[in-house]
Amino acid sequence: MPKSKRAKVVSLTKVAKKTREQKNALLQEVQENADKWQYCWLFEVGNMRNAHLKTVRRLWKDTARIFFGRGAVMAKALGTTPEQEHRPGLHKLAQQIKGQVGLFFTDSPPTEVLEWFADFKQPDFARTGNTASRTVILPAGPVMQQHSTPPEPFPHNEEPQLRKLGLRTRMERGVPTLDVPHTVCEKGKTLTPEQAQLLKLVGIKMVTFKVGLRARWEAATGEVVQIEGQEIEVHEAGGEEEQEGEDEGHMSE
């Protein structure tokens, strides 16, 4: 007899218990790493993308530990007052945990960390609500995909999608073709869903994933040093930024 597909009743007390256990585990894990490493950096992310943050985790896998998301739990783990702080000076870092930020524990020298993150930038596609960083105009003629080098024309079976996104194309020798130039977006204006999707189809990347270092705590002295010149310019609109999943949001890989 087939199993019933009716929705099963889930006790909210069990869900609440699991959530508490996860938060307690994260709190303990942050504190264990505060005891283990020489430095704790507070960082922010511009144009968050899970794939790029995973790349950072992978490249620092053996020499650092990264926590991202669940800022309230991370702040509680460090302690937000001199009386509550887990180790001397950590409350100064905890008080700055707001918004899209994370913790980066490592023994690597500060100069090495600063130089590495200053160089790490990953171009990516813009999303709905982003501000266009430049004006993009598709010239008259075959509509080209810029993913490849040299660019290649779109295949005939993608013309319906191009027309749906606002291009007035016609087929010429099996290739979607524009009779006149088409303005995809204008610099400084907010991207619509259609514009963002068209830019991605064409292969034009307009935002950059970047990690900005805000402050550094040093275990040996308990001092917190503010980092200047690392401010992140975030092009994401509110609510469009990605968050790490529950299971990997605070775990390094």
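Which order do the strands take in the open sheet of three strands, and is their pairing parallel or antiparallel? In this predicted model, the order is β6-β10-β9, and the pairing is antiparallel. The edge strands are β6, residues 141–142, and β9, and each of them pairs on one side only. Between β9 and β10 there are four bridges, again in the antiparallel sense. Within this pair, Met171 has Pro176 of β10 standing opposite.

Let us stay with these two strands for a moment. The loop between β9 (169–172) and β10 (175–178) contains Arg173. The phi angle of Arg173 is near 55°, which is a positive value in a residue other than glycine. Is Arg173 buried or exposed? Arg173 has a relative accessibility of 84%, and therefore counts as exposed, since the cut-off for exposed is over 50%.

Asn47 belongs to the loop between β1 (39–46) and α2 (50–59). The phi of Asn47 is also positive, near 55°, and Asn47 is not a glycine.

I turn now to helix α7, which spans residues 193–202. Which residues of α7 are buried? They are Ala196, Leu198, Leu199 and Val202. These four lie on the same side of α7, because they cover an arc of only 165° around the axis. What covers the buried residues of α7? The covering elements include the strands β5 (136–138), β7 (144–145) and β11 (182–185), together with the helix α6 (159–164). Just after α7 comes Gly203, with a positive phi of about 100°.

With a relative accessibility of 58%, Pro88 counts as exposed. Which residues does Pro88 touch, when those up to four places away in sequence are not counted? Pro88 touches Trp217 and Gly222. Along the chain, Pro88 and Gly222 are 134 residues apart, yet their C-alpha atoms are separated by 5.1 Å.

Conventions
Residues numbered from 1 in each chain as written. Predicted model: local features only at pLDDT ≥ 70, side-chain atom pairs only at ≥ 80, totals over all residues. Heavy atoms only, no water. Buried < 20%, exposed > 50% of the residue type's maximum accessible area, 1.4 Å probe, protein only. Arc of directions from axis to C-beta. Contact = heavy atoms within 4.5 Å. Pairing = 2+ DSSP bridges.
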